[in-house]
Structures are given as structure tokens and as C-alpha cells.
Amino acid sequence: MSQPVRTEPAVVRPSAATATAPRPAATLAVTSAATAVALMTYTAPMVTLGDTAASLHTALSSQAWLLNGAPLGLAALLLVAGSLADDYGRRRAFVLGTFALGLTTALGALAPNTLLFTLARIAQGAASAAILAASLGLLVHAFPTPAGRVRATGVWGAFVSGGIALGPVVSGGVADLADWRSAYGVLAAAAVLVALLAPRALTESRSPRAGRPDLPGALALGLALVALLAALTLGRDGWLRAPVGVLLLAAAVLLTAFVAVEHRSATPMLDLSLLRRPLFLASTAGALFTGLSVIALFSYVPTLVQRTMGVTPMGTAGLFVIWSGTSFAVALQARRLAGRVSPRHQLAVGFALHALAVATMLGAAGSGEWTRLLPGLAISGVGSGLLNAALPLLAVESVPAGRAAMGSGANNTARYIGSAAGVALMIALATSTGTSRHALDTGTNTALIVSGALALAAAALLLTLRERRPAR
């Protein structure tokens, strides 16, 4: 049986590491910087995918793995990372994760083939999981008041957008000056620098539970995601083939096993009783569809721009900034909506704007004109900014204060499950009719329509998931 939701505040043990009070400004600065570096690492391959694939001799059907390694590691370990951070110390998890991100990013730069690069990317995702899961827990501890928390999560969400914006610019710029491997070296150095600054800036906090980490749950969820991604990647060559069906069945069985494990675990990494909370469902659904519809599409758009419009990696990065830069600016200002627009309605508006944006982008790949993308990039950037500002706030508001890292872990897990599955799906749809310009135009239009339909479905779902008022 799942454990009842705990409502006590986060526990801070008096020790040498925790004797001082939290430093809100320093906590916000360091967690935001590390989050930005993690997202820069996540988006780095977007504009260098062609060069990376050529260097590693990666087949077209396997290129989804070059993009999907990091989201796979994130999705598989975010929940367990959140639980470990709550139990054993959020500062400890954050610092270890930031150091690990620097190491694994350096290993990615040295990878000689597709397999080792993908494994390094998965490890980068696992390290980023510790950073993202611990960050919101640290912020909740440092900003205990609702007003302070709104401001802090708004800034943190803006740095999510900022990291997404800077990743392609840095990787594209360094790749133009040197090569794609050098870009990973720069990001590795940035992660290590933040890790060195973190111990002095952060104070420890935890919300311990009795019991062991939920490793069986993490294993079941991780294997389910591997099976799902493999099925979506192989589906490009035919969805009705036996291997695809077997992998999809395996994913369903493993997800069922994950639910069973969580029901029986004394210390589940996901407290299933939270699923009875409409706001938690809204937070999780919003994150899932953000990955599945928005992040997945824009993870592959840079590659399509280079293939169909002849734009250089650095030019593609500059074009990409119209979307991600707008997202950063909007997310930074969206905190002004607090008290006037609920996070749930903010998410619904964000998804509706993304659906409108992809409608304006239909036919752009076949036109060969990058200017056709500009209105859609700007409109979707506004929508993405609203999503990135609302999701972290809803993640911590929808769970008890002592389970902030679990709420963050669940929210980000859903986001990167959607991203990993969505990237494989978008690549499969975009290349399903071939790789000529005409074929890519047809496939890209299909991917755009699917992305828009998913966004509209998300908006409709979020409008129905409102908190129930107690009966009089």
C-alpha cells in the first residue's frame, strides 16, 4: 500500500553543514546557473546533430539515440533522485550531480562511437536529474513564503528557457570555431565551475523517511522507457513489425510492474496517493505534454532547417534563439501573473499558443525559406515561456512541503518521458516518407500536425483538472 501524504515541513538537521540559515539569493543564483548548464548540455546536440552523426558514423535510423540519451537518463532517474535528495540531503545531491554532469559531459566529448556517446548522454541525463530534482527542494527551503516562492520558481523557470536558448548557440558557435567535441568540453568546464561554487552558497535540507531507496521502481521505469524508445525508433521502418510490437508490450508490462512496485514499497519514489490530487495530475500532465509536443518538436526542427534550408549550425542556433530567447523573456516576466492567472490556466494558454504556432509553420520545410518559420518560432516562444514559468510553481504547490523534491522529480520525469518519446516519434514522422526535400516537407507537416493536436489535447485536459472545493 502507498504511504499517506506527509504534511510536515522540510526537516533541517542541526549539523555543521546546516547550522546557518539558508541564503536565498545565493541559492537561487547557484541552482539557476546549474539548471541552465544542465539544459545547455541537453540541447547541445540539436544544431550539431549532422556533424556528430557523421563523426560517429551513426545511421539515420539511430540518430534519435543521439538526442534521446539525456532525456532517457533524466526520465529514468528523476523520481529516485528526488526521493534521495529529500532523504539524504538536497545540497549533497545537487553538488554530486553537478560534478557528475561535468565528468560525463567530458566523456561525451571523447566518445569514439555512437554507443559510447549515447551511454555518456544517458549518464549526463542521470546527473542532470540530481540537479533538477534537488534544485526546487533547495528553493522551497530557502524561500518559505508564497510570494518568495513565486518569484524564485519564476526565475528558475526562466533559466530553464535560458539554458535551452544558450545550448545550441554555444555548441553551434564552438563547432564553427573548432568542432562539436570542443563544445562539450566548454560545457563540462562550466558544470565543474558551478559545482565548486555550490557548497559555500547552499545550506543543507532534507525530509527523511525510514526505509531504503526505491531501486526496483527505478529499474522498472528505466527499462520501460528503453523499450518504449526502442519501439518508437524502430517504428520508422514499419509500425506493424513484430519487434516493434514486442517492445511496446514489454514497455506496458514494465510500467505495470512499476506501478505494482510503488504500491508495495514502504518508501516509493512516487507516492501514488498524490494522483488523487487534481493539481498534481495537472502538473504531471502539463509536463508530459510539454515534452511530448513542444520540446520534442523543437529538438528536431534545427536538423530539418539545416537539411531543407541549407542553414549553417551557427545560423540555425541564431534562428533557434527566436523561440528559446522569447521563452526566456516571457518566463522571467510571467511571475507578474501570480494571483491573477492560475498556473493551470497559464499552462492551457501556453499549449494553445504552441498549437497556433505550428499551424503557421506548415509547409515551411518545402518552401526552403527560413523566414517562413519566424512567426511560429515567436508565438511558440511565448507559449513555452508560460509553460516553463508555471510548471515548477505547480510542481511544488501540488505536493506537501516536505516532498518538494519528489514533486519536482515527478514533474520533470513526466517532461522528459514526453520529450524522449516525442523526439523518437517526431523523427519517425518527419522521415517516414524519405529524406528528399519533398519527402521531408510531407513528413514535417505530419509531425507539425501531431504536435499541434497534442498541444490542444493538453490544453483541454488541463482546463478539466481543477481543484475540488470542499462540500459545505
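Reader: How many of the 472 residues of the chain count as buried, as a percentage?

Author: In this predicted model, 58% of the 472 residues count as buried. Buried means under 20% relative accessible area, exposed means over 50%, and partly exposed lies in between, with a 1.4 Å probe and protein chains only. Local features need pLDDT of at least 70 and side-chain atom pairs count only at pLDDT 80 or more, while totals for chains, interfaces and linings use all residues. Residues are numbered from 1 along each chain as its sequence is written, and side-chain values use heavy atoms, with hydrogens and water left out.

Reader: Why is Asn 411 called buried?

Author: Asn 411 has 3% relative accessibility and therefore counts as buried. Asn 411 lies in helix α15, residues 404–430. Leaving aside residues up to four places away in sequence, Asn 411 touches Ser 283, Ala 287, Leu 391 and Ala 395; a contact means heavy atoms within 4.5 Å.

Reader: Why is Thr 284 called partly exposed?

Author: The relative accessibility of Thr 284 is 21%, so Thr 284 counts as partly exposed. Thr 284 lies in helix α10. Between Thr 284 and Leu 391 there are 107 residues in sequence and 8.7 Å in space, C-alpha to C-alpha.

Reader: How many helices and strands are in the chain?

Author: The chain has 16 helices and 0 strands. Both are DSSP runs numbered from the N terminus: helices are H or I with at least four residues, strands are E with at least two.

Reader: What makes the radius of gyration of the chain agree with that of a compact globule?

Author: A compact globule of 472 residues would have a radius near 23 Å, and the chain has 21 Å, so the value agrees. The radius is taken over C-alpha atoms, and the globule rule is 2.2 Å times the number of residues to the power 0.38. Along the principal axes, the C-alpha atoms fill a box of roughly 60 × 50 × 45 Å.

Reader: Which residues touch the most other members of the largest nonpolar core?

Author: They are Tyr 42, Phe 298, Phe 351, Leu 373 and Tyr 416, in a core of 108 residues. Helix α10, residues 278–309, gives the most to this core, with 15 residues. Apart from it lies another core of 19 residues, among them Val 30 and Phe 94. A nonpolar core is a set of buried Ala, Val, Leu, Ile, Met, Phe, Trp, Tyr and Cys residues joined through side-chain atoms within 4.5 Å.
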